[in-house]
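Hi,

Here is the structure I promised to pass on. Have a look at it first, and then read my notes below.

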Amino acid sequence: MKENKNNVCIILLAGGIGSRFNRKKTKQLIKINNKSILEICIENLKHSFKNIEIQLVSNKNNINEIISISKKYNLLEPVVGGKERQDSVYSGLVAIYPHFPEYVLIHDSARPIISRRVVKELLNSVKNKPICVIPIIPINDAMRLVNENQEIIYIDKKNHFLVQTPQLCCYKELLLAHQNTNKIYEDESSILISMGKKINTIKGDTMSLKITYENDLKILEPHLNNRNNVTKIGVGFDIHRFDTKKIDDEENFITLGGIKIKNLKSLIGHSDADALLHAITDSILGVINCGDIGLLFPPSDKKWKNFDSSYFLNQAAILLKEKSGKIINIDAVVICEKPKILDYSNQIKERIGNILKINPNRISIKGKTSENVGFIGREEGIAVIANTSIQIIDDIDDD
Ligand code: ZN
């Protein structure tokens with residue numbers, strides 16, 4: 001999804017004290033699996049809105065923490081809000097003024113799950129030049145009004161809806177509305193309604209629950225833990241041939257899985273010809289769809305000649321980390337007549353675990369001979385097949 005960077009800005013409210021929340025910490029800063037609700041919300045927003053400026057509005061107490069989160073995600077410099085939500089929104093509106101957005105999306109960070117469909121519909125609505133568009137959801141339970149005399153009065157739920165965020169507003173209209181009122185309103189649409197402005201609605205999403213009470217967090221927690229997390233599998237294959245020009249020598253060695261193994265024949269090819277590290281690197285690059293070793297480190301480039309292949313594996317791990325991917329396991333088969341892989345598999349697992357900074361028990365290295373068949377059987381080379389499974393956020397849209 002691509003937006004004009006200057007067309008829409010997001011104001012993300014992160015200043016709620018959470019008076020109905022039975023914890024000392026500001027609810028947006030409560031961590032789930034080492035990530036605060038605010039960070040989860042930012043990641044979800046960034047996933048839904050590419051190339052868009054996000055303006056955080058904090059309370060005074062948390063400003064330092066909010067500044068560091070803001071830096072981490074490369075957001076606009078946060079501002080401190082006011083006592084009421086309305087004051088905080090106004091602080092945000094003033095802060096983004098230099099960006100002259102045509103539209104602004106106001107979102108509560110206490111609503112960390114953001115529906116991609118809702119986002120898409122809100123952004124699509126911009127072309128009709130609305131003043132304000134809000135996501136609403138119908139009320140499923142029956143409704144009654146309890147008046148000041150504790151009398152129960154019937155209300156037909158049919159025409160009643162709950163309002164969610166993000167709310168899309170015309171920046172100029174909302175700024176003016178804030179400047180022209182001295183009353184306190186619940187949210188952006190209610191200010192604009194009070195000014196007689198037309199409000200459009202789209203269907204909201206019940207998953208976009210606002211964390212208000214402790215129980216809300218319990219309901220959302222499993223979903224926050226597994227945000228679009230999927231397991232992806234990458235495959236890598238590599239072959240290197242033995243150097244036939246070099247005579248068989250006790251001093252010869254091959255580099256395999258990042259370790260040096262004495263072998264009568266030595267391998268030739270890209271860099272240090274470590275077919276195992278090359279295959280594993282390709283399998284990781286495959287998961288994140290970043291091409292392969294030959295594309296990233298072309299063999300035509302002289303600088304990779306005899307190069308230590310642990311560098312390539314490490315670079316793949318860095319690219320994977322940027323996408324918050326986590327290796328679940330690596331399973332590789334080394335096909336050769338010699339050396340006997342079993343004698344070295346533990347040492348190789350340790351080395352690869354060390355390069356990737358993962359537990360070696362996540363790595364399986366198996367040896368297989370070619371039963372004297374074909375080029376491997378004739379001891380002309382070594383082949384490797386590697387599979388890597390990775391837990392990663394699925395950031396691909398099919399529509
Ligand atoms: Zn290779």
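Let me start with helix H1, which is mostly covered: of its twelve residues, eleven are buried. Those buried residues are Ile-37, Leu-38, Glu-39, Ile-40, Cys-41, Ile-42, Glu-43, Asn-44, Leu-45, His-47 and Ser-48. H1 covers residues 37-48, and from first C-alpha to last it reaches 17 Å, close to the 16 Å expected at 1.5 Å a residue. Keep in mind throughout that this is a predicted model.

Five strands make an open sheet in the order E16-E13-E19-E17-E18, and the pairing is mixed. At the edges sit strand E16 (267-268) and strand E18 (363-368), each pairing on one side only. E16 runs antiparallel to strand E13 (residues 229-242), and two bridges join them.

Helix H8 (residues 275-287) packs on it and touches E13, strand E17 (326-335), E18 and strand E19 (381-393). The direction of H8 makes about 150 degrees with that of E13. Helix H11 (residues 345-356), for its part, lies across E17 and E18 and runs at about 140 degrees to E18.

Where is Ser-309? Look in the loop between helix H9 (293-296) and helix H10 (310-322). Why does Ser-309 count as buried? Because its relative accessibility is 0%, and the cut-off for buried is under 20%. Leaving out residues up to four places away in sequence, Ser-309 touches Ser-271, Asp-272, Asp-274, Leu-277 and His-278.

Last, the cysteines. The disulfide count comes to zero, taking a pair of cysteine sulfur atoms within 2.5 Å as the rule. As for accessibility, Cys-290 is partly exposed, because its relative accessible area is 24% and that class lies between the 20% and 50% cut-offs. Cys-336, at 3% relative accessibility, counts as buried.

That's what I have for now.

Cheers

Terms used:
Residues are numbered from 1 along each chain as its sequence is written. This is a predicted model: local features need pLDDT of at least 70, side-chain atom pairs count only at pLDDT 80 or more; totals for chains, interfaces and linings use all residues. Side-chain values use heavy atoms; hydrogens and water are left out. Two strands pair if DSSP finds at least two bridges between them. Helices (H or I, at least four residues) and strands (E, at least two) are DSSP runs, numbered from the N terminus. Contact means heavy atoms within 4.5 Å. Axes are lines fitted to C-alpha atoms, for helices over the stretch in contact, and angles run from 0 to 180 degrees between N-to-C directions. Buried means under 20% relative accessible area, exposed over 50%, partly exposed in between (1.4 Å probe, protein chains only). The expected span of a helix is 1.5 Å times one less than its number of residues.
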